[in-house]
Amino acid sequence: MSLRFRSVALAGLLLSTGSAAAQTPAPPVDTAAFARCMAGIRADAAKAGIPAAAFDRLADVTPDMSVLPLLDSQPEFTTPLWDYLAGLVDDERVADGRAKLAEHRPLLDRVAARYGVDAETVVAVWGVESDYGRISGKRPLRVSLATLACNGRRQPFFRGEFLALLKLMHDGDLRDPDTTGSWAGAFGHTQFMPSTYARIAVDFDGDGRRDLVDSIPDALASTANYLKQSGWRTGQPWGHEISLPTGFDTAQAGRTNRKTVADWTARGVTRLDGGALPSGDTRAAVIVPTGAKGPAFMVFRNYDAIYSYNAAESYALAIATLADRLRGGSGPTTAWPTDDPGLSRAQRRELQTLLLARGHAIGEVDGMIGTESRRAIQSEQRRIGLTPDDGRAGARILDALKAGR
């Protein structure tokens with residue numbers, strides 16, 4: 001699942017940071033080259049058990065070249081971590097997640113009993129991936145994956161995903177050939193790529209079909225199954241925020257640089273809240289995602305399981321932090337190393353309301369900072385004298401407009 005590129009719930013983050021992908025024009029369609037590519041995939045489809053007639057019916061699409069600029073603009077790698085977490089782990093998502101925990105408690109208890117993954121982690125994945133099923137993606141999967149299978153980089157990867165999607169449709173797991181999802185082909189409540197769906201999805205509601213689009217039981221159980229298959233250890237923490245000793249060598253940090261807890265404590269690493277760390281022979285890594293001046297964490301095997309869902313430090317921390325907050329925690333204590341923190345969705349809506357009041361035609365107040373909102377922010381930054389005048393939606397411009405500057 002780590003090559004999914006995707007999550008639709010991050011679309012607003014991608015826009016809010018002024019990504020070039022939002023403004024990069026799509027290349028023209030080479031229809032002859034696309035037809036040749038589809039002919040080659042047709043031969044592979046037969047080997048995958050997809051009859052020629054089924055392939056011809058399902059693969060009859062026109063490419064959408066607008067997905068190509070998005071390949072190099074994943075928000076996990078282009079968004080400052082404080083922006084990323086501010087939008088994904090805000091009070092709204094926490095409140096909604098707690099409501100989902102209460103609503104689906106019997107189901108989540110059964111999932112935990114079967115797969116050993118706690119309810120809060122499963123619901124956190126659901127919240128980050130699709131805002132609890134509200135945002136599952138609007139791009140036709142067949143179109144996006146066919147386009148990516150024949151254009152741009154990583155064509156072999158997307159060719160496999162395209163074939164996996166067609167197989168799911170041919171076999172009946174997916175009944176709607178017009179199923180939609182993210183630009184990169186992830187879909188459903190917890191945004192599985194087709195190959196992961198084929199390998200990991202389970203029929204938890206017992207209706208004879210693995211349905212991650214319309215069945216919440218199947219989606220949540222499949223998510224837990226993914227984490228279990230990725231090495232989840234029942235009852236163990238993902239990690240703890242820690243205090244680093246003065247002069248700590250950050251070259252020792254990194255998710256793959258494992259030492260025993262005893263080794264780390266001997267180097268002066270302690271839990272920030274004063275609590276006990278796991279037993280001394282437990283292997284752990286120290287991560288400092290924004291450098292030594294920002295929050296630091298000691299992470300364990302369950303962090304790796306979360307990380308495997310989408311191989312990005314920011315993503316794993318979003319899931320882990322949201323799960324902690326669903327349990328009643330408050331998230332990281334140490335401040336992020338910035339003088340311009342990110343905004344929650346409520347704060348973004350407040351910022352847009354202030355921009356409208358100043359005469360900027362930005363469209364709907366929806367918390368999604370698109371091109372017009374960025375232009376308006378940039379105009380206000382220049383008027384006020386804030387630098388950089390980059391159109392970013394941060395706390396400084398919000399505070400300035402609230403103060404009436």
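The protein chain carries 48 positive and 47 negative side chains. The centres of the two sets lie 3 Å apart. Lys and Arg count as positive, Asp and Glu as negative; His and the chain ends are not counted. Each charge is placed at NZ of Lys, CZ of Arg, CG of Asp or CD of Glu. This is a predicted model, in which local features need pLDDT of at least 70, side-chain atom pairs count only at pLDDT 80 or more, and totals for chains, interfaces and linings use all residues. Residues are numbered from 1 along each chain as its sequence is written, and side-chain values use heavy atoms, leaving out hydrogens and water.

**Overall fold**
- The chain has 18 helices and seven strands (DSSP runs: helices H or I, at least four residues; strands E, at least two; numbered from the N terminus).
- Its C-alpha trace spans about 65 × 60 × 40 Å along the principal axes.
- Of contacts (heavy atoms within 4.5 Å) between residues at least 6 apart in sequence, 71% join residues at least 24 apart.

**Burial and cores**
- Buried residues make up 53% of the 405 residues (under 20% relative accessible area, 1.4 Å probe, protein chains only).
- The largest nonpolar core has 92 residues (buried Ala, Val, Leu, Ile, Met, Phe, Trp, Tyr and Cys joined through side-chain atoms within 4.5 Å).
- Helix 15 (residues 313-326) gives this core its largest share, nine residues.
- Apart from it lies another core of 16 residues, including Leu343 and Ile377.

**Phe55**
- Met38, Ile41, Phe55 and Phe162 have the most contacts inside the largest core.
- Leaving out residues up to four places away in sequence, Phe55 touches Met38, Ile41, Arg42, Ala45, Ile50, Asp60, Phe162 and Leu166.

Note on methods: Buried means under 20% relative accessible area, exposed over 50%, partly exposed in between (1.4 Å probe, protein chains only).
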